[in-house]
Amino acid sequence: MASGSRQAVLAAFAADVGITIAKFIGAAITGSGSMLAEAAHSLADSANQGLLLIGRKRAEQEPDQLHPFGYGRNRYFYAFVVALVIFSVGSLYSIEEGINKIRHQEELTDVGIALAILVVAMGLESYSLLTATRASSPLKGRNSWWRFIRTTRNPELPVVLLEDSGALIGLVLAFAGVGLTALTGNPLWDGIGTVAIGVLLGCIAVVLIIEMQSLLIGEGATPDEERRIRTALVDGGGAVTRVLNLKTQYLAPNDLLVAAKVSMTSGLDINAAALALDDAEARVREAVPAAGNVYLEPDLYRTEQR
């Protein structure tokens, strides 16, 4: 899954760099605001993929005294920065450029070149989106794509999926803005297309900011994972009889912290209790492979805990 996520980011980065260069050339030749907005969008996307790769690299640092649980949250932090970049560089710039184009309308030149560049960009973005979709499918399961974006603990895949989807829609808007300007001779359509691209990017940025902020401050196990953890802790008539309290938190996409108080059979000596807790830890890790840090504390089941 980790390699699939990295592959999706690398594919998006390669596609975005090529598209950015082509769009800036097209914007310079045609003077199209929609094309310039799309070029800024692709430039932000290219920088974003670079930030995601930096976050993955820094997350691989070994734990130390300052960060005993490691640096896995770097992936969440850099994904949050990406969302801010989309909003500031992509959305706000496009809206400002579109308003300027509407207020100061200019004729477009070499429209055919702009449309050709947009068609090529659509092909490259489609390839990037297909790569991200294939990497996400094993994690998505039977969930809808929207639910996957809302519930996954992987920060890179939702970013790439939303960026690529937004890029394709933005390209359609740019194509429509340039095309309608060419057909009607009215540059107003180019400005409207530019503003629409900015609004689209703003919506995507807001969704990502909300999701990445939630991951950054710490999300627990999914309901299905928590159910499997509780089932694994109680060994069916053995030493561990009940889960009294369970807390979980993702320190990284593949590193789940599990802390639980459990009730145990009375009369166990210290060695038997320790072995039973070791077995429970092993069962939890088998049930949920992401459970890297498991801390179990034996306690008494009291009536008020029912």
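**Exercise 1. How are α4 and α6 oriented to each other: roughly parallel or roughly antiparallel?**

*Solution.* The model is a predicted one, and every value below is computed from it. Begin with the geometry of the pair: helix α4, which covers residues 111-140, packs with α6 at an angle of about 160 degrees, and their axes are 9 Å apart. Next, apply the cut-off, under which angles over 145 degrees count as roughly antiparallel. The two helices are therefore roughly antiparallel to each other. As for handedness, α4 passes α6 in a left-handed crossing.

**Exercise 2. Determine the relative direction of α3 and α6, and name the residues through which they meet.**

*Solution.* Helix α3 spans residues 74-103, and its axis comes within 10 Å of the axis of α6, the two crossing at roughly 20 degrees. Because angles under 35 degrees count as roughly parallel, α3 is roughly parallel to α6. The crossing of α3 and α6 is left-handed. On the α3 side the residues are R75, A79, V82 and I86, and these meet E156, V159 and E163 in α6. Classified by type, the contact of α3 with α6 holds four nonpolar, no polar and three charged residues.

**Exercise 3. Carry out the analysis for α8 and α9, including the make-up of their contact.**

*Solution.* Helix α8 (residues 223-233) and helix α9 (residues 270-287) have axes 8 Å apart and pack at an angle of about 150 degrees. Since the cut-off for roughly antiparallel is an angle over 145 degrees, α8 is roughly antiparallel to α9. The sense of the crossing, with α8 passing α9, is right-handed. From α8 the contact draws on R228, I229, A232 and L233, while α9 supplies A280, R283, V284 and A287. Divided by class, the residues of the contact of α8 with α9 are six nonpolar, no polar and two charged.

**Exercise 4. Identify the residues with the most contacts inside the largest nonpolar core, and then follow I229 to its partners.**

*Solution.* The largest nonpolar core contains 68 residues, and within this core the most contacts belong to L208, I229, L233, L256 and M264. Helix α6, residues 156-184, contributes the largest share of this core, namely nine residues. Turning to I229, and leaving aside residues up to four places away in sequence, one finds that I229 touches L246, T248, L256, V258, V284 and V288. As general background, nonpolar side chains in soluble globular proteins tend to be buried together.

Key
Residues are numbered from 1 along each chain as its sequence is written. This is a predicted model: local features need pLDDT of at least 70, side-chain atom pairs count only at pLDDT 80 or more; totals for chains, interfaces and linings use all residues. Side-chain values use heavy atoms; hydrogens and water are left out. A nonpolar core is a set of buried Ala, Val, Leu, Ile, Met, Phe, Trp, Tyr and Cys residues joined through side-chain atoms within 4.5 Å. Buried means under 20% relative accessible area, exposed over 50%, partly exposed in between (1.4 Å probe, protein chains only). Helices (H or I, at least four residues) and strands (E, at least two) are DSSP runs, numbered from the N terminus. Contact means heavy atoms within 4.5 Å. Axes are lines fitted to C-alpha atoms, for helices over the stretch in contact, and angles run from 0 to 180 degrees between N-to-C directions. Angles under 35 degrees count as roughly parallel, over 145 as roughly antiparallel, 65 to 115 as roughly perpendicular and the rest as oblique. A crossing is left-handed if the near helix is turned anticlockwise from the far one by less than a right angle, and right-handed if clockwise. Ala, Val, Leu, Ile, Met, Phe, Trp, Tyr, Cys and Pro count as nonpolar, Asp, Glu, Lys and Arg as charged, and the others, Gly among them, as polar.
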